[in-house]
Amino acid sequence: MAATAPTGLRRSNDPPVLILTSLASGPKHGHALAKDIEAFAGVRIGPGALYGAITRLEERGLIEPLDAEDRRRPYRITAAGASALADAVSDMRRIADVGASRLGPLLGAIG
Amino acid sequence: MSRPGDADRLLRWYPAPWRARYGDELAALVEDELAGGRPGLRLRLSLAHGGLLERARGAAVVGDSRPADERVRAGALLVLVAWAAADLAGGAFAKTSEHFGASGTSAALGPARTAHAVVVACGIAGGLVLLTGALVALGAVPGFTRVGGWRAVRGPLVRAAVMTALTAGAVVPLSVWAHHLGVAQRNGADLAYGLAFLAWAAMVAATVGLWAAAVVSVARRLELGPRALAVEAVLALVGAAALAVLTAAVGTWWVAMASAAPWYLGAGRPGTHPAPVSPQLVAIVVVLVVATVTAAFGASRIIRSRGALLAA
């Protein structure tokens, strides 16, 4: 079950985590975010879910808007957002490490 | 090909304040996604879901972005809306269970009589809770009208009043018509009368719905003090509990009648055993279950938010 961190981020493939991960490589507007997330995570986020997550992230101060370019407003990750993402990534890495260490002997036995 | 304004039309699901902040950029995203094509079902559903969620968040029904007092008030209003729906189901239940006491012996109908008494008691308790809640909120009404609140709620109140007048007016010709019909004709044998009665029942449902919307519209704008809000919260919790008991009692009555006098439920003759199911009873129970779930959600929101309210 996905746990919720104080920043509202979960350890699963939730849109907020995916958006912060995408913005970690630089500011992007909505369409660029959706394309990038689809490319690196294989997850297609609909416009409704994407902007719902953007709204929550902005409210929590984890991302901030930049000046709009022809109605397309880019967002960038804030220091608080980077810190929240680091915590989420650390959680995910810990689980991945445990999974890998427990899977090793199992795969060895099968092989 | 997408038509100009397609994206803007799709954004109507979102509340106006949200559209003022994010509407342009979301419309640009939708246009980029469409790339000149027509909006598909998946895109429409995504925007409808997102828009309704933002409306629910704006009304403090979901999420934790609104202050705790607004979340408590939203929870109480959910219980109020649930009771509005339960009132309709209760009216239909009163009609469905009419004269059930004459359908069998006192001993056989004992459990059904007890369940029916519980339904009536819960209905009265719910009415008293709503009345007390209205009296508590009444103190904030003068302040509300002084600051021009009437203008904001005039539309919903006028719509509810007009619908009430139409529904009341329709009673007269319907009663005259019914007066010239026999019992069998009034109970389904006369198709035209049956349709007219259904139309009137729909008008009653619309009247209750419009009044619920009007009351919610007013209640959301009232300046309630902490003490009044706490009383409303407790009343809502009592109301939610009463609704849950009422729903359980209706279910119990159904089971008891199915066991003691199934012919009564299946519209058969005494001594026969038709399936103890009627469309009215199914509809009543479905509405009551949905209302109970809604009230339970409102109650849980009050309980979770009251902690934050007290901490603040």
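In this predicted model, 20 residues of chain B are in contact with 14 residues of chain A, where contact requires that the C-beta atoms of two residues, placed from the backbone, lie within 7 Å. Residues are numbered from 1 along each chain as its sequence is written, and chains are lettered from A in the order in which they are written. Because the model is predicted, local features need pLDDT of at least 70 and side-chain atom pairs count only at pLDDT 80 or more, whereas totals for chains, interfaces and linings use all residues.

On the side of chain B that touches chain A, helix 2 supplies the largest share, 10 residues, and helix 3 (41-58) of chain B also supplies at least two; helices here are DSSP runs of H or I with at least four residues, and strands are runs of E with at least two, numbered from the N terminus. That side of chain B divides into 9 nonpolar, 5 polar and 6 charged residues, with Ala, Val, Leu, Ile, Met, Phe, Trp, Tyr, Cys and Pro counted as nonpolar, Asp, Glu, Lys and Arg as charged, and the others, Gly among them, as polar.

Let me turn to one helix pair.

Finally, chain A has 4 helices and 2 strands, running α-α-α-β-β-α from the N terminus on.
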